[in-house]
Amino acid sequence: QVQLVESGGGLVQPGGSLRLSCAASGSAFTIYTWAWFRQAPGKQREWVATITTTGNTDYPNSVMGRFTISRADAKNTVYLEMSSLKPEDTAVYYCNQLGTSTWGQGIQVTVSS
């Protein structure tokens with residue numbers, strides 16, 4: 001059973017930056033595409049970023065150019081670098097082993113002055 005542990009969230013001012021990490025247990029990390037999602041209060045969970053096994057990335061327009069997903073296979077870790085943060089980026093962020101029911105516990109990101 002793969003377990004995911006997210007870290008790096010917190011409170012940041014508008015325009016600031018944060019880096020989220022998602023550390024995965026188990027030996028199958030490298031064969032999966034990984035993704036980040038987020039869920040704001042009262043809203044549905046939405047997709048934020050994806051990275052394939054070959055390092056190809058994709059983002060929705062809402063975060064394109066501001067967020068960067070990366071992976072360190074040797075560390076079984078996927079990252080989400082967030083910059084130029086806006087109040088509307090406030091949400092609980094989750095990492096996901098794409099195509100599976102494996103999710104992290106979620107980590108709060110709050111963008112506020």
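Because the model is predicted, local features are given only at pLDDT of at least 70 and side-chain atom pairs only at pLDDT 80 or more, while totals for chains, interfaces and linings use all residues. Residues are numbered from 1 along each chain as its sequence is written, and side-chain values use heavy atoms, with hydrogens and water left out.

The chain holds 0 helices and 10 strands, where helices (H or I, at least four residues) and strands (E, at least two) are DSSP runs numbered from the N terminus. Read from the N terminus, the order of elements is therefore β-β-β-β-β-β-β-β-β-β. With a radius of gyration of 13 Å, close to the 13 Å that the globule rule gives for 113 residues, the chain is as compact as a globular protein of that length; the radius is taken over C-alpha atoms, and the rule is 2.2 Å times the number of residues to the power 0.38. Along the principal axes, the C-alpha atoms fill a box of roughly 40 × 25 × 25 Å.

Of the 113 residues in the chain, 42% are buried, a class that means under 20% relative accessible area, with exposed set at over 50% and partly exposed in between (1.4 Å probe, protein chains only). The chain exposes about 5,800 Å², of which carbon and sulfur atoms supply 49%; such areas come from the Shrake-Rupley method with a 1.4 Å probe, and for residues only the protein chains shown count as cover. Contacts (heavy atoms within 4.5 Å) also reach across the sequence: among those between residues at least 6 apart, 53% join residues at least 24 apart.

The largest nonpolar core has 27 residues, and those with the most contacts inside it are Trp36, Val78, Leu80, Met82 and Tyr93. Such a core is a set of buried Ala, Val, Leu, Ile, Met, Phe, Trp, Tyr and Cys residues joined through side-chain atoms within 4.5 Å. Several strands each supply at least two residues of this core, including strand 4 (34–39), strand 8 (77–82) and strand 9 (91–97), but the largest share, 4 residues, comes from strand 3.

A search of the whole structure finds 3 aromatic pairs, a pair being rings of Phe, Tyr and Trp (its six-membered ring) whose centres lie within 6.5 Å, with planes under 30 degrees apart counted as stacked, over 60 as edge-to-face and the rest as tilted. The ring centres of Phe29 and Trp34 are 4.8 Å apart and their planes stand at 25 degrees, so this pair is stacked, and both residues are buried. Elsewhere, Phe37, Tyr94 and Trp103 form one aromatic cluster. Arg45 places its charged end over the ring of Tyr94, 3.8 Å from the centre, and also lies over the face of Trp103, at 4.6 Å from the ring centre; a charge sits over a ring if NZ of Lys or CZ of Arg is within 6 Å of the ring centre and within 35 degrees of the ring normal.

Ala35, in strand 4, is buried with a relative accessible area of 0%, and, leaving aside neighbours within four places in sequence, its contacts include Ala49, Ile69, Tyr94 and Cys95. Glu6 lies in strand 1 (residues 4–7) and, at 4% relative accessibility, counts as buried; beyond neighbours within four places, Glu6 is in contact with residues among them Cys22, Trp36, Tyr94 and Gln105. Gln105 belongs to the loop between strand 9 and strand 10 and is partly exposed, with a relative accessible area of 47%. Not counting residues up to four places away, Gln105 touches Leu4, Val5, Glu6 and Tyr94, and the C-alpha atoms of Gln105 and Leu4 are 7.3 Å apart although 101 residues separate them in sequence.

Two loop residues other than glycine have a positive phi. Asn76, in the loop between strand 7 and strand 8, has phi near 50 degrees and counts as buried at 18% relative accessibility. Ser84, in the loop between strand 8 and strand 9, has phi near 45 degrees and counts as partly exposed at 41% relative accessibility.
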